[in-house]
Amino acid sequence: MTFLNYVLSGISLGSIYAIIALGYTMVYGIAKMLNFAHGDVIMVGAYICFFAVTRYSLPPLVGVLAAMAVCTVLGILVERFAYKPLRTAPSLAVLITAIGVSYFLQNGAQLLWTPNPKVFSSVVGTGRLALFGGQLTVSYVTITTIVSCIVIMIALTWFTGNTKMGKAMRACSEDKGAAQLMGINVNSTISVTFAIGSALAAIAGVLLCSAYPTLVPTTGSMPGIKAFTAAVFGGIGSIPGAFLGGLLLGVIEIFAKAYISTQLSDAVVFAVLIVVLLVKPAGLLGKQVSEKV
Amino acid sequence: MMLTVENIDVFYGAIHAIKGISFQVDEGEIVALIGANGAGKSTTLKTVSGIMHPRNGKITFLGEDITRTDGYKLPAKGLAQVPEGRRIFLQMTVMENLEMGAYIHKKVPQSDFDNVFEHFPRLKERRSQIAGTLSGGEQQMLAMGRALMSHPKLLMLDEPSMGLAPILVEEIFKIIQEFHAAGTTILLVEQNAEMALQIADRAYVLESGAIALSGTGAELAASDEIKKAYLGG
């Protein structure tokens, strides 16, 4: 049963990575930029939920919604003021700006909320569900995380495949010039993408801190990098790829912790990434469409 | 006049690509812009469709000044472009490409799709196929069908014959004439001067960013200068 427990914690951690990676991959797919500040949006989301629930005693669900609302606005503002002016700049300039935004958010959080750790109380309580006569117990947080990830994945797949806005996003991700000729407002499409990605980051932040309750201004950076890895692992730009990459990364990390070494687990994770990229440079589900020119 | 371009100057950085071009397209016409590679034909078209903006000059479409209008607002005014190199959405299906063509419309009646499939029966067979798997000719047809979905008043085509076998070029030109017969005004940019002059009511010859000659299609096709420079004889 310990093995099953590891699998479950792996999938749970992987679900959080997957939700973050979905935001990374969507923004990359459309704006063709790596938003390294994405991880810090997670942290902001967690703080908003923390204050809403702990200080203002709002119900947890309201806390989550508040976090999503604030992060959505934050994502739109960051895009509007930091990235949009660089739309035609070299990608290196955009990348450095994203790192700058990341530090800005971390230091802003330190100023506003101090570097002292906050103890986040889980939004779904600390209860556990006992299965197989108590041989296997699953926390509500784990269940909520896995279910949220699956729901988000299905919703996003439906959105990009069936709605007009979702299709316009795919059109923009392929060819912004042609999309504009169709009458699609590329700038507002990019804004919507940032909004969705940031709302997802807020959810990921709440779930992450529900599972690992220490909240500090740098809480988002390591999961952010891991999720970026997951997105590349699965094939950056691909929504199912981010989902698969996130899940696998979580499972590999937990297995490495359990069976190899706690200290070396991150090294194992990145070693796996390197091997995968050597064999499949576009990632597991990277797009390799045969394009006739 | 449907489209009036007055004295536009367009720059790529420091390069003066279009030097004071003026031309008009009247409702119901087929107008061709012909000229050699690099003469500024595509740049002119990109400027009309708002992908680029001129430094000086004025562009008027249906009485409205669109010189500085954002490109994405133009399809709703009745302007559509089939861009150079087709630029269809290769990872989307044929149907989705057509839906994107109708992006400016809230509701898309089935008859709009049927209309495209009538012009291009082959697209109907391949409606659920990913566009990247179509042949070059089919991709050009999809690009044209996609533009048709917005019900343009003025359809601009940039090098529709590029890279296609002669038999397909004939077909594409036949379809352009069908569009025209159905009431769409056409602005055509072509390197294939012979074909373009055959169907054009009027044409302008571009040379290094300026208009060197203009006249009716027949006049230009008969002109010695054109024959020598563009028609291989």
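In chain B, 4 strands make up an open sheet with antiparallel pairing, in the order 2-1-4-5. Its edge strands are strand 2 (15–25) and strand 5 (64–65) of chain B, each pairing on one side only. Here strands (E, at least two residues) and helices (H or I, at least four) are DSSP runs, numbered from the N terminus, and two strands pair if DSSP finds at least two bridges between them.

This is a predicted model, in which local features need pLDDT of at least 70, side-chain atom pairs count only at pLDDT 80 or more, and totals for chains, interfaces and linings use all residues. Residues are numbered from 1 along each chain as its sequence is written, while chains are lettered from A and ligands numbered from 1 in the order in which they are written.

**Confidence**
- Chain B has a mean pLDDT of 93, with 99% of its residues at 70 or more; pLDDT is the predictor's confidence in each residue, from 0 to 100.
- The model's scores are ipTM 0.92 and pTM 0.90.

**Strands 1 and 2 of chain B**
- Strand 1 (residues 3–12) and strand 2 of chain B run antiparallel and are joined by 8 bridges.
- Tyr12(B) has Ile15(B), in strand 2 of chain B, as its bridge partner.

**Where the chains meet**
- Chain A gives 20 residues to the contact and chain B gives 25, with contact meaning C-beta atoms, placed from the backbone, within 7 Å.
- On the side of chain A that touches chain B, helix 6 (164–174) and helix 7 (176–181) of chain A each supply at least two residues.
- Helix 6 of chain A provides the largest share of that side, 5 residues.

Terms used:
Two residues are in contact if their C-beta atoms, placed from the backbone, lie within 7 Å.
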